[in-house]
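Dear colleague,

Please find below the structure that I am handing over to you.

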Amino acid sequence: MDEAKLIEGIQQGDRKSFQILVETYQRMVVNTCLGIVHSKDDAEDLAQDVFMEIFRTAENFRGDAKLSTWLYRIATNRSLNHIRNNKRKRFFQSIEETFTGGRNRPSEISENRADQPDQNITDQQRSDLLHRAIDRLPEKQRIAFTLNKYEELPYQQIAEIMEISLASVESLIHRAKKNLQEQLLDCYKKKCV
Amino acid sequence: MKTKCIHNDLIFYLDNELSVEKRTAVEKHIEECADCRSFLAFLQDGMQIIEKEKNPEVTPFFYTRLSARLDEKQVYQTQSQWSRLAQPAFFSLVLLAGIYGGLKLGSNASSPEVNQPATTSIQMLNDFAAEPIESFLLDEL
Ligand SMILES: [Zn+2]
């Protein structure tokens, strides 16, 4: 079924059209959210919210953008909001712990283990390290990088989704990679994993 | 002689984004520099995580769950539509009852039987007004 028909169906509240849309795009939406939030469960919860929003606001959708562009925008926005809310929550938790003398949580990065050979680095440690590095990227770099690396989108499509120029996308992704490399180099030198 | 370390080019080397000359230079350097070689492996393993974790299998109940959420929402919406209609209707009734009651009381007040107590209450009010405000406040204390 083509996109316009699908949207038209959803605008009229047709559940079958909605189901087709969801099943066509669920992998894409979950994967995009995952690139930003790093947890599959959270990514699926967010994807649910994305599709709820699509169903609710289908009447506002005009045919001038691709359906995937619309989905990518909502998915990245919601994921970033999720991260911001989590940060806020953690901030207030840490304040609370300061006042209630709560237990000190273990520091995020495991301590220097210089005496251990590299072979002992587990995939879990590697992925923690990479996720933390991605989380430290400025938001725009994070979106561009995620769309490029997780979704393998060409720069032109990323430019459309983010509503910026092609040159800006190139620059964002270049800086994102440089940033990640710096963080990983820093960790490599300190043997932080 | 060993060339300068190229840590900062390695991520672009991995992504095949270097010019031919730069690429050749990086490859030459890696051959002779154990540290850059080791960091390249570290970086590659790190970035490889993305390839391993991306596109996870979505739970088979994804749409079922979504559909249930939509049902819930629609039930709630029909309910709230009812309450949207019922609430103003209820308050209009209360208002009408109030107006009706007020008119009823008003017409009773003008009748001669209730005239008497109304006057006494006015007199009482006048007594109250005659009392100096200071003593009234002092009494309160
Ligand atoms: Zn070197």
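A disulfide is taken here as a pair of cysteine sulfur atoms within 2.5 Å. A:Cys187 and A:Cys192 form such a pair, with their sulfur atoms 1.9 Å apart. The torsion about their S-S bond is about -90°, so the disulfide is left-handed. Searching the whole structure gives 1 disulfide over all chains.

Please note that this is a predicted model, in which local features need pLDDT of at least 70 and side-chain atom pairs count only at pLDDT 80 or more, while totals for chains, interfaces and linings use all residues; side-chain values use heavy atoms, with hydrogens and water left out. Residues are numbered from 1 along each chain as its sequence is written, and chains are lettered from A and ligands numbered from 1 in the order in which they are written.

On accessibility, buried means under 20% relative accessible area, exposed over 50%, and partly exposed in between (1.4 Å probe, protein chains only). Both A:Cys187 and A:Cys192 are buried. A:Cys33 counts as buried because its relative accessibility is 0%, whereas B:Cys5, at 35%, counts as partly exposed.

Turning to the domains, whose bounds come from an automatic or database domain assignment, chain A is divided into domain 1 (1–105) and domain 2 (112–193). The centres of these two domains of chain A, taken over C-alpha atoms, are 21 Å apart. Contact (heavy atoms within 4.5 Å) involves 16 residues of domain 1 of chain A and 15 residues of domain 2 of chain A.

The buried area (the accessible area, with a 1.4 Å probe, that two parts lose on being put together, summed over both) is about 1,500 Å² between the two domains of chain A, and carbon and sulfur atoms give 55% of it. On the domain 1 side, A:His38, A:Tyr72 and A:Arg73 lose the most area to domain 2 of chain A, together 38% of what that side buries.

For salt bridges (a side-chain nitrogen of Lys or Arg within 4 Å of a carboxyl oxygen of Asp or Glu), the rule finds 3 across the interface of domain 1 and domain 2 of chain A. The side chains of A:Arg27 and A:Glu151 meet in a salt bridge at 3.1 Å, N to O.

With helices taken as DSSP runs (H or I, at least four residues) numbered from the N terminus, helix 2 (15–37) and helix 4 (67–100) of chain A each supply at least two residues of the side of domain 1 that touches domain 2. Helix 4 of chain A gives the most to that side, with 8 residues.

Yours sincerely
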